[in-house]
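Subject: Structure for you to look at

Dear colleague,

Please keep it open as you read.

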Amino acid sequence: MQAASHTGFIIAAYAAAFIVVGGLTAWVMLDYRAQLRTLAGLEKRGVTRRSAPARPEPATHQAKEEA
């Protein structure tokens, strides 16, 4: 077997795969952080998720409605 003649190609293929997988991993991590910031901004403005349980109203707001 003459594996030595293909060593350069094998190393290049592994390096390319490593770069692609690393790039995709970095992209997903950065997008995840961006989505968290977007969700935090929406929640700060009072927008809630439909799947989240309803937030209890503050006691002062309930007292005003009852009065």
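Tyr 14 lies in helix H1, where a helix is a DSSP run of H or I with at least four residues, numbered from the N terminus. Please note that this is a predicted model, in which local features need pLDDT of at least 70, side-chain atom pairs count only at pLDDT 80 or more, and totals for chains, interfaces and linings use all residues. Residues are numbered from 1 along each chain as its sequence is written, and side-chain values use heavy atoms, leaving out hydrogens and water.

Tyr 14 is exposed, since its relative accessible area is 62%, and exposed means over 50% with a 1.4 Å probe, counting protein chains only.

The 38 residues of H1 (residues 7–44) should span 56 Å at 1.5 Å a residue, which agrees with the 55 Å between its end C-alpha atoms; the expected span is 1.5 Å times one less than the number of residues. After H1 comes Gly 46, with a positive phi near 100°.

Best wishes

How values were computed: Helices (H or I, at least four residues) and strands (E, at least two) are DSSP runs, numbered from the N terminus. Buried means under 20% relative accessible area, exposed over 50%, partly exposed in between (1.4 Å probe, protein chains only).
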